[in-house]
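Please read these notes with the coordinates open.

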Amino acid sequence: MKTHFFFPLYLLVLLLIPRTTQQYACNSDDTIKHPFCNTSLSYFDRAKDLVSRLTLQEKVQQLVDNATGIPRLGVPPYEWWSEALHGVSNLGPGVRFNATVPNATSFPAVILSAASFNSSLWYEMGRVVSTEARAMYNTGLAGLTYWSPNVNVFRDPRWGRGQETPGEDPLVVGKYAVNYVKGLQEVDGDNSDRLKVSSCCKHYTAYDLDKWKDIDRFHFDAKVTLQDLEDTYQPPFRSCVEEGHVSSVMCSYNRVNGIPTCADPDLLKGVVRGQWGLDGYIVSDCDSIEVFYNSIHYTATPEDAVALALKAGLNMNCGDYLRKYTENAVKLKKVEEAVVDQALLYDYIVLMRLGFFDGDPKNLPFGKLGPSDVCTHDNQKLALEAAKQGIVLLDNNEVLPLSPNSITKLAVIGPNSNATQTMISNYAGIPCRYISPLQGLQKYVSDVIYEPGCLDVKCGNDSRIEAAARAAEEADVTVVVVGLDQTVEAEGLDRESLTLPGFQEKLVTEVVKAVKGVAVVVVMAAGPIDVSFLKNESKVGGILWVGYPGQDGGEAIAQVMFGDYNPGGRSPITWYSQDYVDQVPMTDMNMRANVSRNFPGRTYRFYKGKPVYEFGHGLSYTTFSTFIVSAPSTILLYPHNHPPSISSSISNHNTNANPNPNGRSIDVSTINCESLEFEVDVGVKNTGTRDGNHVVLVFWKPASADGVSGTPNLQLVGFGRVELKRGKSGVVKVGVDVCKDLSVVDGEGKRKLVIGQHTLVVGSSSEHQVRHRFNMILAESEDEGGFSAM
């Protein structure tokens with residue numbers, strides 16, 4: 001007789017699920033006796049104790065992303081490289097998914113979330129991502145150091161990595177960085193410098209070319225003026241460090257004015273750590289030290305390359321050059337061992353702030369998080385909300401929103417109409433789920449005809465266009481979802497054209513001709529596309545830009561299209577026509593227009609041409625009116641030796657005639673900037689028939705400045721988002737820092753405050769704008785001064 005063994009199913013499941021535990025130091029009686037495990041000591045003293053116990057051979061093994069650890073001291077290996085750009089990603093080796101945690105919440109690409117102009121949303125996204133990251137760390141599937149976000153300015157519309165950024169405006173990029181970083185790093189209710197996870201602002205600096213024609217990021221030397229560096233390329237990084245308190249900055253591959261950024265002591269030790277006060281470590285982009293030697297031959301030997309980087313202020317190498325060559329560089333006296341020690345101190349202090357040296361994480365904050373805290377209902381709901389808030393209604397001929405009751409048959413056409421992976425952009429993980437545009441629209445209309453029209457977004461032949469046009473003939477309404485994906489715009493791949501790829505434009509044109517009713521065009525792409533051929537097409541009822549909308553992108557698109565969500569997003573980029581890129585080389589880093597060179601300028605701040613859609617453009621299904629409730633009429637500037645009170649610096653009452661010559665520029669460094677801030681209160685009323693969200697954009701038009709050329713056309717100084725029921729009113733409060741937000745930059749990179757009449761402009765040029773003028777005056781005596789309000 002055979003003996004039968006019955007194995008309980010739940011035990012079998014437990015055996016099949018991989019069981020891993022997180023790595024941490026100070027986990028045994030032998031190690032906890034060391035001072036570096038003593039939590040009553042300062043992080044600096046603990047890190048210093050640890051470094052003092054290491055040999056040079058051990059030290060160099062810890063200077064790279066895949067640090068080997070120190071087994072004799074109970075310090076385990078640690079992988080520093082993890083990514084969390086818009087969700088926990090397995091792109092870096094520090095994160096992996098398995099049956100225990102098979103996926104993570106995938107938010108929209110940053111460019112679309114930025115279009116919400118909602119700072120609190122950005123913070124909440126960071127908080128959710130860090131919670132899922134900690135939960136995965138507790139299961140041994142992730143690290144604690146995340147090299148996100150990307151805070152480069154989207155300078156050129158062809159850049160393949162523009163999707164990773166919050167857009168073209170330095171203020172928006174900086175505000176996004178501050179809020180997302182705080183969401184990632186902050187420990188709720190804890191005012192200490194402990195970290196939930198460590199964030200990293202990258203790629204420092206003036207990095208926004210990957211591979212354009214025959215020029216790549218490894219060899220590119222960005223020629224940047226001091227003026228552009230100060231008011232365009234550097235501000236997001238400065239905000240990230242000074243306001244966001246980020247714990248890491250990554251230097252980039254490119255050179256800036258001849259010097260590799262990771263080898264520039266002025267940029268690293270001088271600015272990031274010296275001027276801005278980085279409390280954390282500086283890491284290289286992956287293998288960028290090797291680029292010094294192998295690609296651009298900037299140094300004679302590998303040892304020279306690592307010595308140069310370490311002495312410039314680099315603390316961590318993504319790659320292996322510091323592990324391979326630092327020991328020999330020390331022995332050859334190219335770099336002192338004390339410099340290595342200092343780098344390790346910065347690295348270890350961050351790990352200590354994360355609790356890596358505090359014993360079992362289960363007994364520490366976040367120790368109870370686990371697989372059930374990943375892909376939760378609330379987290380996915382937030383990802384959907386982020387997509388809806390970011391979607392921009394570019395045009396509407398009173399066709400949108402659609403009514404499902406009036407549509408018998410719907411045609412869904414286009415290479416991105418059933419997109420899934422395309423929606424999660426780059427630097428993504430494995431999402432909790434996908435809802436494609438087709439699936440989202442099918443929830444509203446049961447009879448749907450689907451025709452892709454093209455095999456893929458490159459649309460290399462037109463063989464499927466005829467079938468797509470026939471589908472449009474049969475339908476009451478046709479939705480055409482076109483755009484780009486990672487085969488056209490990506491890391492390592494910049495565009496050369498702003499038009500739709502391949503035969504996509506023909507697809508749209510032929511489908512629009514064939515439609516029985518109306519067509520709605522959806523642009524799924526990060527970079528702007530020249531869709532000017534659609535703007536006067538009477539059969540096109542509306543145009544939506546949806547970026548790369550994340551895992552629930554199709555649901556978000558459908559809700560917006562059918563009116564269950566009223567769009568309120570604003571474009572964070574300028575949409576140029578094709579002739580712009582025909583005229584402007586991507587390698588030209590200049591921001592300002594230059595008539596003598598026939599250079600039209602870049603971004604809304606300096607562009608002199610007519611865009612297809614301007615920065616800040618976005619429509620709604622309702623209407624809003626805006627008005628100034630409160631703003632200063634006079635700002636009085638005091639020199640350092642005359643400290644003002646807040647009340648005497650800003651006034652709402654008109655003052656006597658300006659005693660200073662208009663146009664005179666005053667160096668900010670000579671002005672007492674303490675408390676030189678004010679608030680603009682903007683009233684908003686929903687005057688339409690639907691509930692909706694309104695984004696308030698407050699721009700500044702500076703006074704003409706003597707001796708300062710290239711001042712911006714307009715410059716955003718603040719923004720806010722308000723949700724209003726129909727017929728209801730609200731107030732958006734926008735804070736303005738005079739020295740930071742209302743200063744211009746001269747040719748030497750110096751910030752100046754300009755005496756004279758300035759203007760605040762509320763709203764983009766596509767909406768009714770409200771203007772408010774104020775005077776900026778230099779106080780000449782002790783009893784004179786202040787802000788004066790309206």
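**Notes on the predicted model**

1. The link of C251 and C262 is right-handed, with 110° about the S-S bond. C251 lies in strand 7 (residues 248-251) and C262 in the loop between strand 9 (259-260) and helix 9, so the pair ties together parts that are 11 residues apart in sequence. The sulfurs of C251 and C262 are 2.0 Å apart, which makes the pair a disulfide (a pair of cysteine sulfur atoms within 2.5 Å). Helices (H or I, at least four residues) and strands (E, at least two) are DSSP runs, numbered from the N terminus. Both C251 and C262 are buried, where buried means under 20% relative accessible area, exposed over 50%, and partly exposed in between (1.4 Å probe, protein chains only).

2. On sources: this is a predicted model, in which local features need pLDDT of at least 70 and side-chain atom pairs count only at pLDDT 80 or more, while totals for chains, interfaces and linings use all residues. Residues are numbered from 1 along each chain as its sequence is written, and side-chain values use heavy atoms, with hydrogens and water left out.

3. How many disulfides does the rule give? The count comes to seven. One of them joins C26 and C37, with the sulfur atoms 1.9 Å apart. The torsion about the S-S bond of C26 and C37 is about -85°, so this disulfide is left-handed. C26 and C37 both sit in the loop between helix 1 (9-16) and helix 2 (43-52), 11 residues apart. Both C26 and C37 are buried.

4. C454 and C459 also form a disulfide, at a sulfur separation of 1.9 Å. The torsion about their S-S bond is about -55°, so the link of C454 and C459 is left-handed. C454 has a relative accessible area of 1% and is therefore buried. C459 counts as buried as well, at 1% relative accessibility.

5. C200 counts as buried because its relative accessibility is 0%.

6. Helix 11 (residues 302-312) is mostly covered, with eight of its 11 residues buried. These are P302, E303, A305, V306, A307, A309, L310 and A312. The buried residues of helix 11 pack against helix 9 (266-275), helix 10 (288-295), helix 12 (321-331) and helix 13 (337-353); contact here means heavy atoms within 4.5 Å. Just after helix 11, G313 takes a positive phi of about 120°.

7. Q227 is found in helix 7 (residues 226-233). Q227 has a relative accessible area of 10%, so this residue is buried. Which residues does Q227 touch, leaving aside its neighbours within four places in sequence? The contacts are R592, S709, G710, V745, D746, G747 and G749. Q227 and V745 are 518 residues apart in sequence, yet their C-alpha atoms are 5.9 Å apart in space. A polar atom of the Q227 side chain lies 2.7 Å from the backbone oxygen of V745. The backbone oxygen of S709 lies 2.8 Å from a polar atom of the Q227 side chain.

8. R751 lies in strand 27 (residues 751-754). At a relative accessible area of 19%, R751 is buried. The R751 side chain makes polar contacts with the side chain of E230 (2.8 Å) and with the side chain of S743 (3.0 Å). A polar contact is a pair of N or O atoms within 3.5 Å; within protein, one must be able to donate a hydrogen and the other to accept it, and residues adjacent in sequence count only if both atoms are side-chain atoms. Not counting residues up to four places away in sequence, R751 touches several residues, including D231, P235, I666, D667 and V745.
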